[in-house]
Structures are given as C-alpha cells and as structure tokens.
Amino acid sequence: VADEKPVHIFILSGQSNMAGMNPTLGLEPEAEALFPDAEVVYFKVARGGQPIRYWVEEWDAIAEKHGIDVQAKRARDKNKGTMYYQPILVEYQKIIQQHPDPASVTFCWMQGERDAREGLGAAYADAMTQLIQSLRRDLKQPQMNVVIGRLSDFGKPDDAAWQNVRQAQVDVAKGDPRGAWVDCDDLNDKERDGVKRDDLHYTKEGYELLGRRYVRQAKRLIDGRQPAEDGRPG
C-alpha cells in the first residue's frame, strides 16, 4: 500500500550518548515542526561503550593499514564481530515493509568516545566512511543522508587521540556530498557545587538539543540546502 504522505526514515546508532538520547524529547517534536506534511519514523541501535569496529566488518584491514596492532586491540573482544550492524538492516526491513518507498533515509551517528580512549583515531575516518558506504549499499539507499555527532569537548585540547576522532568526524561529514555534522560541545555542561565541568555524558537539555540538531541538519540535506557549517543549525 502506497503511503499517503511522504515518509522520512531516521536511523539512530552509536554508543552511550546515542543510547541516552530520548527521541520523544527533541527529535520527535522537531520532526513534527519541520516535516508538517510528512511522516517521520525512526529506530535506534545503540549501546554504551562500544567501538566502531563492532559496526564495520572491514575494520581489521583498515586498522592494519594505519599501523594498529589489531590482535592486541581485539584481545578482549570475545568475537563480537559486527554485532551492531546487522540489527540496523533487520530494523530497517521492518520499516520498509510498512513504507516501501521512503522519501528519504538519514543515518544519525553518535559514537567515538571508545575509539578515542583506545587511541584508534588514525583508523576512524576510513572506518566511518566504510560504514556509510556499507549502509548505502545494503539498505539500497545510495542517496542516504548522514549526520554525524562530533565528540564533545570532554576530551581536552591536549588529548590528541580525542581530537583526532573529533577531526575525523567533521572531515567525513564535510567530505560526503550528503553529509553534515552536529556540534556537541554545549551539550555536556554540568554543574556541581556551582562549578561548571564538561562531562562525558550530556544533560537532559543537551540530549534534547542533540535530537533537534539531527533533524535540522537532515532537513537541510533533504531539501538540497547547505547544512550549518558550525554544526549548530538554528
């Protein structure tokens, strides 16, 4: 049955800051506001503390190319393989059965803290690029949009591994004709005893704004407009 209204699909994936984002507080109301004559559907595949290699089948080869000791990094993996990639395909097929001809598909990504902490920034851009290519192929959506959440400023300027992943995320987003990125530096500002600090995880308001920024950047990509260069679409 053909959809009466155009349908836009959002795929939400990543580690703890994606797992912690409640779409009903930010993403849903923003989608209702920006897509008044369409239906927006979404699903989430996310779990805290997970490295990008659990999504990317080709990660070992990519890491070796960048001089990373794969065996050492995989020592504690317990053969987890790409345990978070296949569920994306499964959940997507469920939606496609109901909405066989979506007007757009957008992949929203919030991950990288684990890779930064393991010092794997050198392989991150290639791994992220491969993940996007794989999804476009396997979802049969070559025009899939991508909105990447950039690691927050929890990692300080002298934390090279953290900064490498941050830069890789922006580079991949800007290098993709259907890509955008979201700034998260203002989402993790927490206060304790009157002193502000940058936390690893975001505030309730931060998670809400994260969802809204994903939708705002996606809407610009869908409309063929330039996404906000500073990662903070109004």
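This is a predicted model: local features need pLDDT of at least 70, side-chain atom pairs count only at pLDDT 80 or more; totals for chains, interfaces and linings use all residues.

Modeller: Asp60 touches Val70 and Arg74, leaving out residues up to four places away in sequence.

Biologist: What makes these count as contacts?

Modeller: Contact means heavy atoms within 4.5 Å. Asp60 meets that with Val70 and Arg74.

Biologist: Where is Asp60 placed?

Modeller: Asp60 lies in helix α3, residues 59-65. Between the C-alpha atoms of Asp60 and Gln71 there are 8.8 Å, and in sequence they are eleven residues apart.

Biologist: Why is Asp60 called partly exposed?

Modeller: Its relative accessible area is 29%. Buried means under 20% and exposed means over 50%. Asp60 falls in between, so it is called partly exposed.

Biologist: Which residues does Trp59 touch, apart from neighbours within four places in sequence?

Modeller: Among them are Ile52, Val70, Arg74 and Leu120. Trp59 is also one of the residues with the most contacts inside the largest nonpolar core, together with Phe107 and Met128. That core has 69 residues, and its largest share, seven residues, comes from helix α7.

Biologist: What is the volume of the largest pocket?

Modeller: The largest pocket has a volume of about 210 Å³. Of its 17 lining residues, those closest to the centre include Pro177 and Gly179. By class, the lining has seven nonpolar, four polar and six charged residues.

How values were computed:
Residues are numbered from 1 along each chain as its sequence is written. Side-chain values use heavy atoms; hydrogens and water are left out. Helices (H or I, at least four residues) and strands (E, at least two) are DSSP runs, numbered from the N terminus. Buried means under 20% relative accessible area, exposed over 50%, partly exposed in between (1.4 Å probe, protein chains only). On a 1 Å grid over the protein atoms alone, a cavity is a set of points where a 1.4 Å probe fits but cannot get out, and a pocket is an open set with protein on both sides within 12 Å along at least five of seven lines; lining residues have an atom within 4 Å of a point. Grid points are joined across faces, edges and corners, and a volume is the space filled by probe spheres set on the points. Ala, Val, Leu, Ile, Met, Phe, Trp, Tyr, Cys and Pro count as nonpolar, Asp, Glu, Lys and Arg as charged, and the others, Gly among them, as polar. A nonpolar core is a set of buried Ala, Val, Leu, Ile, Met, Phe, Trp, Tyr and Cys residues joined through side-chain atoms within 4.5 Å.
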